[in-house]
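Keep the 3D view open and turn it as you read.

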Amino acid sequence: QVQLIESGGGLVQAGGSLRLSCAASGRAFSPYVMGWFRQAPGKEREFVAAINWNSLRTDYADSVKGRFTISRDNAKNTVYLQMSSLQPEDTAVYYCASVRRPYSSTPTRQKADYIYWGQGTQVTVSS
């Protein structure tokens, strides 16, 4: 059974930084696109960033471009989200997810393409 476990969330002041990690187990990690999504209270879950299987392609939501960086370490079965210049509007539960099909060159932003999800980690940014 595939498991995705996020860590690294917490409380940070505006302008600060956090690094989220997502450790995967239960199937081979390297062939699959990995994504980060977030959900704020009362809002739908939204795309944040995604990375393809060999790290050659990434995609970011406009709201985080230039502030967040997604990366992966296939040897450690882990995907990361480095978040900088955090703002109160970044407050949300952050989820990592893994797609169904392997070896896709496209880091998809479509939630329907992701089959496995973590339990989420809370990020709170105070003003």
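**A hairpin, its sheet and the core**

Strands here are DSSP runs (E, at least two residues), numbered from the N terminus. Before going on, some ground rules: this is a predicted model, where local features need pLDDT of at least 70 and side-chain atom pairs count only at pLDDT 80 or more, while totals for chains, interfaces and linings use all residues. Residues are numbered from 1 along each chain as its sequence is written, and side-chain values use heavy atoms, with hydrogens and water left out.

Back to our pair. β7 covers residues 68-73 and β8 covers residues 78-83; the two run antiparallel, joined by 6 bridges. Further along, D73 stands opposite T78 in β8. Between the two strands of this hairpin sit 4 residues, and N77 takes a positive phi near 55°.

Buried means under 20% relative accessible area, with exposed over 50% and partly exposed in between (1.4 Å probe, protein chains only). As for β8, 5 of its 6 residues are buried.

What lies on the other side of β8? Strand β3 (residues 18-25) runs antiparallel to β8, and 6 bridges join them. Here C22 stands opposite V79.

Zoom out and you get an open, antiparallel sheet of 4 strands in the order β1-β3-β8-β7. Two strands count as paired if DSSP finds at least two bridges between them. β1 and β7 stand at the edges with a single partner strand each, so one side of each has no neighbour in the sheet.

Finally, the core. The largest nonpolar core has 35 residues, and W36, L81, M83 and Y94 touch the most other members. Such a core is a set of buried Ala, Val, Leu, Ile, Met, Phe, Trp, Tyr and Cys residues joined through side-chain atoms within 4.5 Å. Among the elements giving it two or more residues are β3, β7 and β8.
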